[in-house]
Structure formats: structure tokens, C-alpha cells
Amino acid sequence: MNPVRMCARAMVLLCVCLIAAPMAAQQAPDRSKAPAPGPAPSLKVPPVQKRVLSNGLNVWVVEMHEVPVVDVTAIVKSGAAADPTGKYGLASFTAAMLDEGAGSRDALQLSDAIDFLGASLSTGSSWDSSSVNLHAMVSKLDAALPIFADVLLDPAFSQAEMDRVRKQRLTSLLQTRDNASALASASFARTVFGPRHRYGTPAIGNEASNGEMTISELKQFHSTYYQPQNAYLLVVGDVTPDVIMPKLEKALGAWKNVGTVPKPTLPATPQHGAREIILVDKPGAAQSAIRMGWVGVARNTADYFVLDVMNTVLGGSFTSRLNMNLREDKGYAYGASSAFDMRGAPGPFVAAANVQTDKTVESLTEFFKELEGMKTPLSTPELTRARNLEALSFPGAFETTRGVASNLAELAVYGLPESFFSEYVPKIQAVSVADVERAARQYLQSDKFAVVVVGDLTKIEKGIRAANFGPVRVVTVDEILK
């Protein structure tokens with residue numbers, strides 16, 4: 001599955017458990033008797049027509065003529081993983097500033113110009129890429145493309161706008177201190193990857209780095225990484241290459257390469273070697289935020305399809321084992337999930353839930369039970385349901401221009417073959433019971449997991465220590481967020 005959709009599915013379950021109180025317990029359905037979805041239909045993806053601008057910028061065009069709209073997305077193959085040591089959050093800050101004034105327009109004028117065209121323009125950054133996206137009616141594209149080009153190539157980087165954005169980012173980081181779920185996720189990353197690895201600090205960075213960031217550093221990051229040789233342009237919608245290429249040449253042909261683009265050099269992360277329980281005190285918390293896991297896999301793993309199916313069974317769907325246990329059967333949480341966050345380098349595997357404070361120990365016990373239970377062979381109906389769920393959901397990612405662009409971005413960023421789309425369903429359906437069992441034994445060694453619990457320690461610490469899940473260490477919020 002597309003990592004964007006994998007992450008989105010996991011986040012739906014996580015968000016549910018963040019905002020709602022636990023449900024009353026219900027009897028969990030018998031998984032061995034539940035009907036399986038039918039087989040997925042064949043997927044027909046429009047062909048990707050590849051062109052190149054005069055400056056070497058790769059352009060991928062996909063024609064979708066059902067609606068007179070178009071998505072134009074610039075993908076820069078550098079994100080938070082390229083942040084210099086001590087400047088964590090630089091890629092994120094740079095992307096956030098792109099649409100805060102560009103060309104001859106300040107931030108308000110830029111917003112007004114886009115709104116006047118009935119278009120939308122957004123910027124963003126992830127671990128492995130940064131992007132600028134334009135969505136517009138085809139009839140407005142001639143007017144919208146120059147604005148898109150200004151945002152991508154000529155951001156203003158105004159000091160006044162930077163100060164305003166900085167306050168927003170620092171406020172968001174400050175709010176993390178009062179959010180048990182955010183603290184749990186930050187503590188988990190810090191525990192698994194350590195303070196000196198880029199993955200050990202959130203993509204947005206920390207309070208210190210955001211407070212010290214300068215205009216010159218943003219400009220330097222932009223000039224270093226935002227180059228045609230390090231980018232792709234994805235065009236999806238009611239256009240043809242013959243019509244769109246001259247427009248793109250006019251808007252972006254003057255964009256030039258200015259030097260070698262450095263590649264991120266993330267150090268290899270030693271795997272977490274023994275189970276450890278990390279406790280973070282959140283006095284008065286109504287729930288305990290649990291995160292557990294270790295170093296997972298990179299996006300180029302040969303086990304991509306097997307892990308997709310395995311995680312669907314464990315915690316990647318509403319009817320997954322974790323969710324049906326902690327939510328439907330026990331009523332300890334409103335949602336539980338798991339996910340492999342696949343990045344350019346091995347990212348984390350994490351299982352997560354927010355649970356009732358007085359059921360923290362019981363919830364940890366159920367987590368470990370389900371993780372270990374994955375090492376015994378699945379029933380054929382359960383495997384069939386998981387495979388069909390993934391296969392049936394995949395075509396939905398290609399229903400809109402934005403969905404197609406998102407999938408194309410994955411191919412561009414991670415160097416995947418175009419055949420990935422047509423091969424996805426057959427390879428998912430080929431995953432066997434033995435494949436899942438082998439992957440579970442390799443990737444779900446819960447006796448070696450880092451386990452983070454954020455909650456009211458006056459109510460949960462004694463019980464967790466008595467349960468003897470593993471060595472217990474208490475850390476402070478400042479240790480997590482520095």
C-alpha cells in the first residue's frame with residue numbers, strides 16, 4: 001500500500017483514540033467466521049507520459065479527462081532527513097515559508113491571487129521530500145502557473161512572515177508538552193533512534209532549533225536542494241503533453257541547477273536489543289498513551305507486500321486484532337493501531353493506543369499477547385480478508401487527480417518502477433500464511449521493543465513495575481523534547 005495511505009489509515013485510528021473516551025466493552029466478533037471481501041477488480045491506471053524540460057526537469061503527465069481540472073505538483077527529493085545536525089526542522093520551515101509571499105506578491109496578495117482563480121495552492125515537507133501543489137481549473141491554468149512558479153522558485157522569505165510562522169511553530173511545539181499522545185510519539189522516537197539521529201527528533205524540529213532558525217539558513221536550504229536535477233514535476237488532469245509542455249517551459253524553463261545536491265547520510269541505527277519500559281509523567285491524565293515498537297524497514301524493503309498484509313491483520317484496519325481486542329472486546333480504548341513508517345532509511349514500526357488509566361497494565365498485556373499471537377499461522381479466511389481489504393482499497397487511490405499525483409510522488413521519491421501500480425494487487429494476493437508467519441517472527445519481536453507510556457505515574461507506575469514487563473525508566477518531558 002502507498003505509505004501515504006498506510007499512514008493515513010493508522011492516523012485515523014490514532015486520532016480516534018486521542019479525542020474520545022473509551023467505549024463500553026462489547027463482545028468481539030469471531031474472526032474465523034466473518035465473511036471475507038470479494039476479490040479486487042483489475043486496476044487500470046492511465047499511462048504515465050514522461051517528458052523533460054530544457055533545464056532537465058523531469059515531467060510526468062497523466063491524462064484524466066473526466067473533469068476539467070488539473071493538479072501540478074513539484075516534488076523536491078529532499079526533506080527533513082536532509083536537515084543539518086542542530087538545525088532540525090529546517091526543511092519543514094523552508095517549505096512552510098514558500099507560500100508566505102513570492103515573486104512580487106506578499107503573503108496576503110498571494111493568497112488573494114489564488115483565491116481569485118478558484119484554485120488552491122499548498123506547500124509541505126516530509127522526511128524524504130518537499131512539495132508545492134497547485135489544483136486548478138484547466139481554464140485558469142495559464143494564470144495560475146506563474147504563481148505556482150513564483151512559490152517554487154522565488155519565495156520572498158520575508159523576515160516579518162518568518163517571525164509570524166516561527167511563533168506558530170513554537171506554539172505548536174509548546175502545546176506538545178500538554179499532549180500525552182504527542183509526548184508518547186516524541187519519546188518513542190527518541191528512545192528508538194536516540195538524540196543524535198535525525199529520526200529521533202520530530203520533522204518539525206524542536207523549540208531550540210526553531211527559535212534559532214534564520215532567513216539566510218532557509219535561503220541556503222532552498223538554493224541547495226530546490227534544483228531541477230533534484231525534482232520531478234507531476235501533472236495530472238484534463239491536459240495532454242503537447243498542450244501542457246510549452247506552458248511548463250514558459251513558467252519553469254528558467255529554473256537552473258546551481259551545484260551538486262547533497263544526499264542525506266543518516267547513520268545506521270542499532271536495533272533495540274531488549275524490552276524497556278519508558279514512563280513519562282502526565283499528572284491528572286485521564287488516559288495512558290502507549291507506543292511500542294522498534295526500528296522497522298525502509299521503503300525499498302523486499303518484504304513490502306508481506307508487511308502490508310501482516311500489518312492489516314495486526315493493527316492496520318478497523319477489524320485488526322489490536323483494535324478488535326482493545327476497543328471491541330475489552331473496551332479499554334476507543335482505537336488501537338500499528339504501522340510501519342517506511343522512509344528512505346528504516347523508519348519505526350509502532351503499535352499505539354490511548355487507554356483508560358486504570359487499565360494500563362491490562363492493555364499492555366493485551367498488546368504483547370496480540371503481537372506474539374501473530375507468530376502462529378493465520379487462518380485462511382483471516383488472511384483472505386486482509387489481502388482482499390488491501391487489494392480492494394488500492395484502486396480508490398486513483399479516483400482523483402490528487403490521488404494519482406500522490407501515488408506518482410511515491411514512485412518519484414523512492415525510485416519505484418512504474419509497474420508497481422499494476423503489480424500491487426497480484427503481489428498482495430500472493431502473500432501466503434507462511435510469509436506472514438515468517439515476517440511476524442522477524443519484525444514483531446516484542447521482547448525487544450521499546451515501550452513508552454505517558455500518563456499519571458501516581459496511578460500507573462506501581463502496577464507497571466509490579467507486572468515485570470521489563471526494566472522501567474522514568475524520563476522527563478525536557479529529556480524528550482530538547
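In what order do the six strands of the open sheet with β1 stand? The order is β1-β2-β6-β3-β5-β4, and the pairing is mixed. Strands here are DSSP runs of E with at least two residues, and helices are runs of H or I with at least four, both numbered from the N terminus. Two strands pair if DSSP finds at least two bridges between them.

This is a predicted model, in which local features need pLDDT of at least 70 and side-chain atom pairs count only at pLDDT 80 or more, while totals for chains, interfaces and linings use all residues. Residues are numbered from 1 along each chain as its sequence is written, and side-chain values use heavy atoms, with hydrogens and water left out.

Go back to that sheet, β1-β2-β6-β3-β5-β4. Its edges are β1 (49-52) and β4 (120-125). Each has a single partner strand, so one side of each is left without a neighbour in the sheet. From one strand to the next, the twist averages 15°. Angles run from 0 to 180 degrees between N-to-C directions, with axes fitted to C-alpha atoms, for helices over the stretch in contact. Helix α9 (residues 241-252) lies across β1, β2 (58-63) and β6 (231-237). It runs at about 145° to β2.

Now look at β3. It runs antiparallel to β5 (residues 130-137), and eight bridges join the two. Val 70 has Ala 136 in β5 as its bridge partner. Thr 73 also sits in β3 (residues 69-76). Thr 73 is buried, at 8% relative accessible area; buried means under 20%, exposed over 50%, partly exposed in between, with a 1.4 Å probe and protein chains only. Beyond its neighbours within four places in sequence, Thr 73 has contacts that include Phe 148, Tyr 232 and Ala 405. Contact means heavy atoms within 4.5 Å. The side chains of Thr 73 and Asn 133 make a polar contact of 2.7 Å. That term covers N or O pairs within 3.5 Å; within protein, one atom must be able to donate a hydrogen and the other to accept it, and residues adjacent in sequence count only if both atoms are side-chain atoms.

Another open sheet has six strands, ordered β9-β10-β8-β11-β7-β12, with mixed pairing. Its edge strands, β9 (333-340) and β12 (472-475), each pair on one side only. Strands β8 (residues 287-295) and β11 (residues 450-455) run antiparallel, joined by five bridges. Met 292 stands opposite Val 451 in β11. Helix α10 (residues 304-314) packs on this sheet, touching β9 and β10 (348-356). Helix α17 (residues 457-467) lies across β7 (276-281), β8, β11 and β12.
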